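Here is a briefing on one protein model. It goes from the overall fold to single residues.

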Amino acid sequence: MTMNIENFDDLVRAARAQPEPQRLLFVFAGSEMPEDGTPEQRANFEAGRGGALVPLMSVDKIPDELGTFAELVAESRQFAPDWALVFVTALSGKNGCAPTSAEADGSLKSMIESIKTGAFGAFLPFDTAGEPVVFD
């Protein structure tokens, strides 16, 4: 089954529709200006564009634990008030059982390292409104 992911709710619906139960992995990231940034990069950053992505927190949830995107935002702001993007991927279960949080830990750590190095093409990024982000 192919599904177009146009917003966060589409992602949750797609996860719920999979033949095996899913566990969604979330890494919330902010941005900061790198110390070696050029004057142009600094100007862009001050205007709200650019910067280096910095993972701030991570969490895993099964789709049934998720309510609205607004609820996820409210929960996440308690732990990472300044996040700007959330990266999401899914782990598929086996034999009708979703992966456990313990099983997700290694994948979350790998996600965090990938985001730190800018290798986040395998993840779906969403902004604070739950809209997909496309990087140029």
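Helices (H or I, at least four residues) and strands (E, at least two) are DSSP runs, numbered from the N terminus. Just after α4, glycine 118 takes a positive phi of about 85°. This is a predicted model: local features need pLDDT of at least 70, side-chain atom pairs count only at pLDDT 80 or more, and totals for chains, interfaces and linings use all residues. Residues are numbered from 1 along each chain as its sequence is written, and side-chain values use heavy atoms, with hydrogens and water left out.

**Overall fold**

- The protein has four helices and four strands.
- From the N terminus on, these elements run α-β-α-β-α-β-α-β.
- The C-alpha atoms fill a box of roughly 55 × 30 × 25 Å, taken along the principal axes.
- A compact globule of 136 residues would have a radius of gyration near 14 Å; the protein has 16 Å, which agrees. The radius is taken over C-alpha atoms, and the globule rule is 2.2 Å times the number of residues to the power 0.38.
- Contact means heavy atoms within 4.5 Å. Among contacts with a separation of 6 or more, 74% join residues 24 or more positions apart.

**Surface and charge**

- The accessible surface comes to about 8,100 Å², and 50% of it belongs to carbon and sulfur atoms. Areas come from the Shrake-Rupley method with a 1.4 Å probe; for residues, only the protein chains shown count as cover.
- Buried means under 20% relative accessible area, exposed over 50%, and partly exposed in between (1.4 Å probe, protein chains only). Of the 136 residues, 33% count as buried.
- There are 10 positive and 21 negative side chains, and the centres of the two sets lie 3 Å apart. Lys and Arg count as positive and Asp and Glu as negative; His and the chain ends are not counted. The place of a charge is NZ of Lys, CZ of Arg, CG of Asp or CD of Glu.

**Helix α4**

- Helix α4 covers residues 101-116. At 1.5 Å a residue, its 16 residues should span 22 Å; the end C-alpha atoms are 22 Å apart, which agrees. The expected span is 1.5 Å times one less than the number of residues.
- Which residues of α4 are buried? They are Ala104, Leu108, Met111 and Ile115.
- An α-helix has 3.6 residues a turn, so residues three or four places apart point the same way.
- The buried residues of α4 pack against β1 (22-32), β2 (52-61) and β3 (85-92).

**Strand residues**

- Arginine 23 sits in strand β1. Its relative accessible area is 10%, so arginine 23 is buried.
- Beyond its neighbours within four places in sequence, arginine 23 is in contact with residues including Asp60, Glu65, Thr89 and Ala104.
- Threonine 89 belongs to strand β3. With a relative accessible area of 23%, threonine 89 is partly exposed.
- Not counting residues up to four places away in sequence, threonine 89 touches Arg23, Leu24, Leu25, Met111, Ala122 and Phe123.
- Threonine 89 and leucine 24 are 65 residues apart along the chain, yet their C-alpha atoms are separated by 5.8 Å.

**Loops**

- Asparagine 95 lies in the loop between β3 and α4. It has a positive phi of about 50° although it is not a glycine.
- Is asparagine 95 buried or exposed? At 75% relative accessibility, asparagine 95 counts as exposed.
- Phenylalanine 120 lies in the loop between α4 and β4 (124-127). At 16% relative accessibility, phenylalanine 120 counts as buried.
- Leaving out residues up to four places away in sequence, phenylalanine 120 touches Leu53, Phe87, Ser114, Ile115 and Phe135.
- Phenylalanine 120 and valine 88 are 32 residues apart in sequence and 9.9 Å apart in space, C-alpha to C-alpha.

**Helix α3**

- Alanine 70 is in helix α3 (residues 69-77). At 56% relative accessibility, alanine 70 counts as exposed.
- The C-alpha atoms of alanine 70 and isoleucine 115 are separated by 23 Å; the two are 45 residues apart along the chain.
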